[in-house]
Amino acid sequence: MSRAAEGPVTDWVRRTGRRAGIALHRRFSADGVTIEQIAPPPAIPEQLLALLRNLGVAMCEAGDAADRVTVILDDVAHAYAATGVRFFVLPTGVFVSIADGPRSRVDFAPSSNRTLRLDQIDELYRIVDDIRHHQLDVEGAATRLRAMHASRPRFGPVLTVVATAVLTAGLGLMLNPTAVALPAYVVLGLLVGSLRWFAGRHPALEPVLPVVTAGVVTWVCFQFSGLVDSRPLDIVIPALVTFLPGAALTMATIELSGGSMISGASRLVYGLERLLFLSFGIATGVALAGLPGSDETVGHPLGAWAPWVGVLVFAVGQYVASPAPRRSLLWLLVVLYVAYATQTIAGTALGSLGGSLVAAAVVLPAAYAVQARPSGPPVMVTFLPAFWLLVPGALGLQGVTELVGADSAAGLGDFINALMSVAAIAVGVQLGAGWSERVGRTTGVWRGI
């Protein structure tokens, strides 16, 4: 048989073997081409599989989208020359499928309910980036990942509680900037921070923390609303903003629109359940107080400068409370001010929904531009805090609190408006992700969310 006649057959056999993950070797002889050996692909070390699973779980705990986690895991497997590995990512765990010749096996690693701190998220994506640039072997990556999980917060519990009060005051300056309300924000922030610290020492209390915190904060606001001459609900909302599922609802909308129905639906249910728990806690606090509270805001607004100062105060509080990685405060301020300025300016021309859409479209490219700087933190470190400034859930909580109160019609309208805001932010993030992906390919950073 001549080589010319054998060539197409041999090429077809080799292509079929590659698709099946089989290595085919040729030996040329005077008579033509002979298939000499059929060998299975080399087995993937268990240490590498464990690293892939643990990286996927860590990115889920960082709040990353399921599609993006899959893309990153594929890149990591490629960096280690692992073939035949496929991933199925859910918010609660990661499935890994490994092809072994004609057979395959599936491993699973569940994720915990905890969320990573900003400094842990920074270290996680630096590990991934070092892997992609072939600067870290499997053992070194696994060691750094274990160290990341075992790391303790840079600031102690006292500073963390105080920082919670600071970021609550910053949110109050943005949402309800009155002089008489500022002391209340600080006191409620200290209360929320103390409850978070206590629940952190007793993990069994974590599931009921939103309900208990919402109930206690609401009771305090209604009980002592006369001291600050302000509507109790206006004081409640900034103190509970950090419990709002705005990021989960927005990410759910993004995943559902992208076709990740299981992941998106589970995040959506989780976000709505979290909002229901907060509303139940608020209703309980109102019932325990037994007082209608003040219905009018007597305090005078501080002026147009207050929300801009509030962004700075919130950033400082978030930097300590989470905490953020070292030397990242300046970059965090850059992204937060870009988000707030865009939302304010676009909102003036396009309304609240248009402002939310434009701001969300700008925030992600801004976070990628920061990441591209030599000292810039990874995208998720600056992108996640920006959600609280876009406030996709604040109007939703306000609507729920008004449904509990007397003005149920206004509350329902606010709740529907919040859902529209979530959709607008999700569309904006997708628009920003498309542009960021093109930027990322030229700067060597991760592809868009």
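1. Start with glutamate 123, which is partly exposed at a relative accessible area of 23%. Its salt-bridge partner is arginine 144, with the closest N and O atoms 3.1 Å apart. This pair ties together distant parts of the chain: glutamate 123 belongs to helix H4 and arginine 144 to helix H5 (residues 138-150), 21 residues apart. Arginine 144 counts as partly exposed too, because its relative accessibility is 25%. Shared partners extend the picture, with Glu123, Asp130 and Arg144 joined into one network of salt bridges. Keep in mind throughout that this is a predicted model.

2. How covered is aspartate 122, buried or exposed? With 9% relative accessibility, aspartate 122 counts as buried, since the cut-off for that is under 20%. Arginine 126 is partly exposed, at 33%.

3. Now for aspartate 107 and arginine 53, whose side chains meet in a salt bridge at 3.1 Å, N to O. Here again the pair links distant parts of the chain, with aspartate 107 in strand S5 (residues 103-110) and arginine 53 in helix H2 (residues 46-61), 54 residues apart. Aspartate 107 counts as buried because its relative accessibility is 18%, and arginine 53 counts as buried at 13%. In total the structure holds 8 salt bridges.

4. On to the nonpolar side. The largest nonpolar core has 102 residues, and the members touching the most others are Leu51, Leu55, Ile121, Leu124 and Ile131. Helix H13 is the biggest contributor to this core, giving 14 residues. For a closer look, take leucine 124: beyond residues up to four places away in sequence, leucine 124 touches Leu55, Ala58, Met59, Ala62, Leu116, Leu145 and Met148. As background, nonpolar side chains tend to be buried together in soluble globular proteins.

5. There is nonpolar surface as well. Trp197, Phe198, Leu205, Val208, Val212 and Val216 make a nonpolar patch of about 470 Å². The elements giving two or more residues to the patch are helix H7 (182-201) and helix H8 (209-223). Tryptophan 197 lies in H7, and tryptophan 197 counts as partly exposed because its relative accessibility is 40%.

6. Helix H14 (residues 379-390) is worth a click. Its 12 residues reach 17 Å from first C-alpha to last, close to the 16 Å expected at 1.5 Å a residue. How many of the residues in H14 are buried? The count is 12 of 12, and among them are Phe383, Pro385, Phe387 and Trp388. Glutamine 343 itself lies in helix H13 (residues 329-371) and is buried, with a relative accessible area of 16%.

7. Helix H3 (residues 66-79) also passes the length check: its 14 residues should span 20 Å at 1.5 Å a residue, and its end C-alpha atoms are 20 Å apart. Its buried residues include Arg68, Thr70, Ile72 and Leu73. Just after H3 comes alanine 81, with a positive phi of about 60°, although alanine 81 is not a glycine. Alanine 81 sits in the loop between H3 and strand S3 (85-90) and is exposed, with a relative accessible area of 65%.

8. Arginine 327 is exposed at 71% relative accessible area. Proline 323 is in the loop between helix H12 (306-321) and H13 as well, and a cis peptide bond joins serine 322 to proline 323, with omega about -15°. Why flag such spots? Most residues other than glycine have a negative phi, and most peptide bonds are trans.

9. Finally, the overall numbers. The protein chain has 16 helices and 5 strands, and buried residues make up 49% of its 449 residues. Of the contacts between residues at least 6 apart in sequence, 69% join residues at least 24 apart. The chain exposes about 20,800 Å², with carbon and sulfur atoms supplying 64% of that.

Note on methods
Residues numbered from 1 in each chain as written. Predicted model: local features only at pLDDT ≥ 70, side-chain atom pairs only at ≥ 80, totals over all residues. Heavy atoms only, no water. Helix = DSSP H or I, 4+ residues; strand = E, 2+ residues; numbered from the N terminus. Expected span 1.5 Å × (residues − 1). Buried < 20%, exposed > 50% of the residue type's maximum accessible area, 1.4 Å probe, protein only. Core = buried A, V, L, I, M, F, W, Y, C linked by side-chain atoms within 4.5 Å. Contact = heavy atoms within 4.5 Å. Patch = residues over 30% accessible without salt bridge, like charges linked within 9 Å, V, L, I, M, F, W, Y side chains within 5 Å. Areas by Shrake-Rupley, 256 points an atom, 1.4 Å probe, with all protein chains shown as cover. Salt bridge = Lys/Arg side-chain N within 4 Å of Asp/Glu carboxyl O.
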